[in-house]
Amino acid sequence: MAIEQIKMPQLGESVTEGTISKWLVSVGDKVNKYDPLAEVMTDKVNAEVPSSFTGVIKELIAEEGETYEVGQVILTIETEGGGEAAQAAPAETKGEDKTPAAPSASAPSAPADAPKGVRYSPAVLRLSQEHGIDLNQVTGTGGGGRITRKDLMKIIESGDIPTAAAAAAAPEKTKAPAQEAASAPSQPAASKQAAPAPNVPVMPGDVEIPVTGVRKAIAANMLRSKHEAPHAWTMMEVDVTNLVEYRNSIKGEFKQKEGFNLTFFAFFVKAVAQALKEFPQINSMWAGDKIIQKKDINISIAVATDDALFVPVIKAADEKTIKGIGREINDLALKVRTGKLTSAEMQGGTFTVNNTGSFGSVQSMGIINYPQAAILQVESIVKRPVVMNNGMIAVRDMVNLCMSLDHRVLDGLVCGRFLQRVKEILENTSKENTSIY
């Protein structure tokens, strides 16, 4: 017999942690290799973690609703004969040590004054050092009192940073965790680090809605984007009268021939993909000491359900026709709404286009889809009186394009030129100039 470990896998590009949303097995269950063990939420998508071994579930180390770093042990399996299993999954670490994996040699080391035996994940160490957080003063909410990245993000958001200097200057005001818990038993464990949740009275008839794993993932990603990326915003209005006339003149024939609707959004995504090819700086990501300019142009599109937001990706959008993009938009939206979207279809996005106009918005400021450098909101097309170049007033179909950008990566000049190019492509879209095939 041998005890094998299953670790939190890396389920996508730039993913550093995942949340166990639901266990699909229990202690004592017999599982075969590749059987699903748990549903994990990461970067707005649910994915199943398969077993790397055949055996019996020995222990569920991770808890439902808790977030764990990539590489941390989440469960153990008892197998017969470890040699074959090790060959089948060389990435898995054998042994009975159930503590999370120690940071790699390249990761920041634990503070010198950390309690003996305490281990911190690389993400926790990085955040603590970047913001001067004294980890000895932090009460963790993870399994076994482990300090998680979520704990530190709450502290950073609150602005009340526990530093070693502050602790030394006011030792008489500092209590040991056990003393504090004894003196205030009703106080949440993390209330020292973050502002307490609003005390919202629940009245008769009010409905309490639990925060789901999807909503938690959305909140964490949006908070990270706003916290780390200095957002700037710009908007440009575009005259799409010719585009509207062209699309409306062919939509019936197109639907009959292709079997799906030709939406305005497909024209906008195609224009953005073309402009990204001409302005590759926009198709970039911040990587700390460098900026990564992505070769592939993969457009993330936001698709909403009643209670969540998913961001599937149109791969190589610059190589696709308007018809091809339209088909992918239709297929991806259908997968989202029927629960068939896969983790792979959420990965690799380099720029996001959000169709906020679908519910009537005319102006909005999007939060960047981290770690991308920008997001474009396509607003509602509305008819407005416009003063033409000849001084005459005409009713035209107008749309606002609203762009949020990461000012670490991009400046106003290149973003302005990029939007001007998107505007030029859209305003010149017509039956004479544009083919959808």
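Biologist: How many helices and strands are there in the protein chain?

Modeller: There are 10 helices and 19 strands. Helices (H or I, at least four residues) and strands (E, at least two) are DSSP runs, numbered from the N terminus. This is a predicted model: local features need pLDDT of at least 70, side-chain atom pairs count only at pLDDT 80 or more, and totals for chains, interfaces and linings use all residues. Residues are numbered from 1 along each chain as its sequence is written, and side-chain values use heavy atoms, with hydrogens and water left out.

Biologist: What percentage of the residues count as buried?

Modeller: Of the 437 residues of the protein chain, 44% are buried. Buried means under 20% relative accessible area, exposed means over 50%, and partly exposed is in between (1.4 Å probe, protein chains only).

Biologist: And what does the accessible surface come to?

Modeller: About 22600 Å² for the protein chain. Carbon and sulfur atoms hold 53% of that. Accessible areas come from the Shrake-Rupley method with a 1.4 Å probe; for residues, only the protein chains shown count as cover.

Biologist: Let's look at H10. Which of its residues are buried?

Modeller: Val414, Cys415, Phe418, Leu419, Arg421, Val422, Ile425 and Leu426. Seen down the axis of H10, these buried residues fall within an arc of 155 degrees, so they line one face of the helix. The arc is that of the directions from the helix axis to the C-beta atoms.

Biologist: Why can residues a few places apart point the same way?

Modeller: An α-helix has 3.6 residues a turn, so residues three or four places apart do that.

Biologist: What span should H10 have?

Modeller: H10 has 16 residues, 412–427, and at 1.5 Å a residue they should span 22 Å. The expected span is 1.5 Å times one less than the number of residues. The end C-alpha atoms of H10 are 22 Å apart, which agrees.

Biologist: What do the buried residues of H10 pack against?

Modeller: Two helices are among the partners: H7 (241–258) and H8 (264–278). The strands include S9 (231–239), S16 (351–354), S17 (374–378) and S19 (393–406).

Biologist: Arg421 is in that list. What is Arg421 in contact with?

Modeller: Leaving aside neighbours within four places in sequence, Arg421 touches Gln274, Ala275, Glu278 and Phe279. Contact means heavy atoms within 4.5 Å. Arg421 has 19% relative accessibility, so it counts as buried.

Biologist: New topic. How many salt bridges does the structure hold?

Modeller: It holds 15. A salt bridge is a side-chain nitrogen of Lys or Arg within 4 Å of a carboxyl oxygen of Asp or Glu. Asp318 and Lys277 make one of them, at 3.7 Å from N to O. Asp318 lies in the loop between S15 and H9 and Lys277 in helix H8, so the pair ties together parts that are 41 residues apart in sequence.

Biologist: Asp318 and Lys277: are they buried or exposed?

Modeller: Asp318 counts as buried, at 18% relative accessibility. Lys277 is exposed, with a relative accessible area of 55%.

Biologist: Which residue does Lys320 form a salt bridge with?

Modeller: Glu328, with the closest N and O atoms 3.2 Å apart. Lys320 counts as partly exposed, at 22%. There is also a network of salt bridges that links Glu258, Lys323 and Arg327.

Biologist: Where does Lys315 lie?

Modeller: In the loop between strand S15 (313–314) and helix H9 (322–337). Beyond neighbours within four places in sequence, Lys315 is in contact with Ile297, Asn298, Lys320, Glu328, Ala344 and Gln347. The C-alpha atoms of Lys315 and Ile297 are separated by 6.9 Å, and these residues are 18 apart along the chain.

Biologist: What about phi of Ala316?

Modeller: Phi of Ala316 is positive, about 50 degrees, although Ala316 is not a glycine. Ala316 also lies in the loop between S15 and H9. Tyr34 has a positive phi too, near 80 degrees, and is found in the loop between strand S3 (30–31) and strand S4 (36–42).

Biologist: Which residues does a cis peptide bond join?

Modeller: Tyr370 and Pro371, with omega about 5 degrees. Pro371 is in the loop between S16 and S17.
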